[in-house]
Amino acid sequence: MTPVVHRARTAEPLVGLTSPGRFVDGGFRAAKALLDVVDPCSGRVFAQIGEGTSTDVDDAVAAARAAAPHWARTTPRQRSELLHRIADRLVEHTGVLTRLESADTGKPVAVARDDLEQAVDTFRFMAGAVRAPTSAAAERYAVDHLSVLHREPLGVVGVVTPWNYPLLMAVWKIAPILATGNTVVLKPSEYTSLTTLKLAELTGDLLPRGVLNVVTGTGPVVGARLAEHPDVAMIALTGSVASGRAVARAAADSLKRVHLELGGKAPVVVFADADLPAAASALRTAGYWNSGQECGAACRVLAEDSVAEELIELLAEQVGGLVVGEPGAGEDVEIGPLVSRAHFDRVTGYLDRARAQGIRAAVGGAALPGDGYFVAPTVLADVPEGAECAREEIFGPVVTVEKFRGEEEAVARANDTQYGLAASVWTENARRSHAVAAGLDASTVWVNDHLVLASEMPWGGFKGSGYGRDLSLYALDDFSRTKHVMHNLGR
């Protein structure tokens, strides 16, 4: 079954949009050069953004550094109230932000709307959490000495965000960074910068000048300068493993702190006693959400050999019913295009090589005809151990299925990867669910579900998936420093 791409009936109203340039010190500044933004549904240029330079980064860092002392002196309550006002502003502009995100990334309206809802919740959670810090109580831990712990802001934090969740990943960083009293210089992906620029515009009258700055441009120029800048106290990146390595290397000379949320290849371990229809139904969403351009996607299924074929049939049936289309084609669209021509070529290259290796596509397996960067939702079966498609992060609408025998082999195979971001276990055996979840080398493990997130719980990686935590109280710890002040009370 080959899906049909549902096309929008009306022209995209954002065609011809040009961003006003970088957002520095509370306002937009004109850019000297522009970068084209391509509509992934058609392959045509529909907007332009500023092409930032190292000097632009220096200006933004200077503005953030100048704003840092005053912002650091604000109380948790003041910062909390501002974060709530930002959340309110996002709610007020739901329509335009959803439309911009869909146009920029090609993601279905339902996915863009979910991103916005999570962004609002992130601001609201951090607004509450910063007013209820957790730390050791002030106490006389040494005789006649009172110890007090202070959580202090770091100063200027540089942020580099990815193209798959432009608004949400920006908010995951901005909310805890601002909550802890830091200032920000953020570089969004040059592929998808529009909602980040809109966020800066919407908050321009709420935040003091220089607290939030945005410089658009390329990674080798803007991102590299942020990572190496001596006045940036910390660099936080969400992106690929290669980008993480580059940022860490650039940050090393200045010994700045580094926060990395990198790629994933989430194993989905399905035992024979699992509810197979429920697993297939969940994978329809968890494996293909945002066209599989999701670092925690349920993309690598390890099924016990006695039920593997049944699971493949159930999954192929689910995936074959996914609706592919442009965001303007209707609320029923579930799968959009890949973000760029380069990424489209990368994903289809994996599919071509899998086919050449004799790996069977139970459904999909190729690009879809017509304009844009659409790839058919795919299930690859008969995947041998160690196959490229099962080890490397494809980052597209592709789920692979391997077979295993026994719990020990399942855990060993699941852990045989450089990544350690997320995983899931599917079984009706409670003891097994605890044992296998404990044995999986991933920082988030779901049992009988996959890709469910909560702002209260941390998100981040082990191994090649990076270090540092987004969301939760742990993010507030990551973006602050702890100072111990000891008072001599002896008389």
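Predicted model: local features only at pLDDT ≥ 70, side-chain atom pairs only at ≥ 80, totals over all residues.

User: What makes Leu-168 buried rather than exposed?

Analyst: The relative accessible area of Leu-168 is 3%. Leaving out residues up to four places away in sequence, Leu-168 touches Asp-115, Gln-118 and Ala-119.

User: Let's turn to aromatic rings. How many aromatic pairs does a search of the whole structure find?

Analyst: The search finds five. One of them joins Trp-163 and Phe-395, with ring centres 5.5 Å apart and planes at 80°.

User: Why is the pair of Trp-163 and Phe-395 called edge-to-face?

Analyst: There are two steps. Centres must lie within 6.5 Å for rings to pair, and 5.5 Å meets that. Planes over 60 degrees apart count as edge-to-face, so the 80° here settles the name. The pair links distant parts of the chain, 232 residues apart: Trp-163 is in the loop between strand E9 (156–160) and helix H5 (166–179), and Phe-395 is in the loop between helix H12 (388–391) and strand E19 (398–404). Trp-163 is buried at 17% relative accessible area, and Phe-395 is buried at 15%.

User: And why is the pair of Phe-344 and Tyr-373 called tilted?

Analyst: The centres of Phe-344 and Tyr-373 are 6.1 Å apart, and their planes make 45°. Stacked needs under 30 degrees and edge-to-face needs over 60, so an angle of 45° leaves tilted as the label. Phe-344 is in helix H11 (residues 341–356) and Tyr-373 in the loop between strand E17 (360–363) and strand E18 (378–381), so the pair ties together parts 29 residues apart in sequence. Phe-344 is buried, at 8%, and Tyr-373 counts as buried, also at 8%.

User: Which charged ends sit over rings?

Analyst: Among them are the charged end of Arg-353, over the ring of Tyr-350 and 4.9 Å from its centre, and that of Arg-432, over the ring of Phe-271 and 4.3 Å from its centre.

User: What makes Gly-396 buried?

Analyst: Its relative accessibility of 4% falls under 20%, so Gly-396 counts as buried. Gly-396 is in the loop between H12 and E19. Apart from its neighbours within four places in sequence, Gly-396 contacts Ser-291, Gly-292, Leu-338 and Val-347. Of these, Ser-291 has a positive phi near 60° while being a residue other than glycine. Ser-291 counts as buried at 2%, and lies in the loop between helix H9 (276–286) and strand E15 (300–304).

User: Now helix packing. Why are H7 and H8 called oblique?

Analyst: Helix H7 (residues 219–228) and helix H8 (residues 241–252) pack at about 40°, with axes 7 Å apart. Roughly parallel would need under 35 degrees and roughly perpendicular 65 to 115, so H7 and H8 are oblique to each other. Their crossing is right-handed. The contact involves Ala-224, Ala-227 and Glu-228 of H7 and Val-247, Ala-250 and Ala-251 of H8.

User: What is the crossing angle of helix H3 and helix H6, and what name does it give?

Analyst: The axes of helix H3 (residues 94–105) and helix H6 (residues 194–203) cross at roughly 155° and come within 9 Å. Angles over 145 degrees count as roughly antiparallel, so that is the name for H3 and H6. Where they meet, H3 brings Val-96, Leu-97, Leu-100, Glu-101 and Asp-104, and H6 brings Leu-194, Thr-195, Lys-198 and Leu-202.

Technical notes
Residues numbered from 1 in each chain as written. Heavy atoms only, no water. Phe/Tyr/Trp six-rings, centres within 6.5 Å; stacked < 30°, edge-to-face > 60°. Helix = DSSP H or I, 4+ residues; strand = E, 2+ residues; numbered from the N terminus. Buried < 20%, exposed > 50% of the residue type's maximum accessible area, 1.4 Å probe, protein only. Lys NZ or Arg CZ within 6 Å of the ring centre and 35° of its normal. Axes fitted to C-alpha atoms, helices over the stretch in contact; angles between N-to-C directions. Left-handed = near helix turned anticlockwise from the far one by under 90°. Contact = heavy atoms within 4.5 Å.
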